[in-house]
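This report describes the fold, the nonpolar core and one loop of the structure shown below.

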Amino acid sequence: MPGFIIFLYIAAGALSIALLVWFIYAITKIQRNTEMIDNNTQKLEDQNATIIFLLSSINVELKKITNTKETTSSEEKSGTNDNQPNNEEAISEEAKVKPRNDRIVCPVCGTDQPSLRNVCFNCGCKFIKE
Ligand SMILES: [Zn+2]
């Protein structure tokens, strides 16, 4: 009989050690997964910002091309007038902005857009963040 009781004690001890080891393993794994998720989220945010930046750059380039075309066609219509002020050039200027609730309102054209933008997607105005 005492032999059986000793066996029970050892069995219970082994079981609790096994549970403890499993518990520590599970916590470590959860922690590692959380770190991985954090890293991936950060990567996605970086990529997102890059894509938004690239898109705005493309937009500005497109605006420039469209403006050049408009200027050329209007020059062709009205004949050669070198003294005419170039309005398209004046629009692509710089302006100080204050992002509010992750949004920016372009001070030049009044377009509401995400504060991640460095350039207005509507008028091409450069944002200087305060
Ligand atoms: Zn604008």
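## Nonpolar core

A nonpolar core is here a set of buried Ala, Val, Leu, Ile, Met, Phe, Trp, Tyr and Cys residues joined through C-beta atoms within 7 Å, and a residue is buried if 20 or more other C-beta atoms lie within 10 Å of its own, exposed if 12 or fewer, and partly exposed in between, with C-beta atoms placed from the backbone. The largest such core has seven residues, namely V97, I104, C106, V119, C120, C125 and F127. Leaving aside residues up to four places away in sequence, V97 touches I104, P107, F127, I128 and K129, where a contact requires C-beta atoms, placed from the backbone, within 7 Å.

## Model and overall fold

This is a predicted model, in which local features need pLDDT of at least 70 and side-chain atom pairs count only at pLDDT 80 or more, while totals for chains, interfaces and linings use all residues. Residues are numbered from 1 along each chain as its sequence is written.

The chain has two helices and four strands, in the order α-α-β-β-β-β along the sequence; helices (H or I, at least four residues) and strands (E, at least two) are DSSP runs numbered from the N terminus. Buried residues account for 7% of the 130 residues in the chain.

## Loop between strands 1 and 2

N101 lies in the loop between strand 1 (94-97) and strand 2 (103-105), and D102 is found in the loop between strand 1 and strand 2. Most residues other than glycine have a negative phi. Phi of N101, however, is positive, near 50°, and phi of D102 is positive, near 65°. N101 is exposed because it has 5 other C-beta atoms within 10 Å, and D102 counts as exposed because it has 8 C-beta neighbours inside 10 Å.

Conventions
Two residues are in contact if their C-beta atoms, placed from the backbone, lie within 7 Å.
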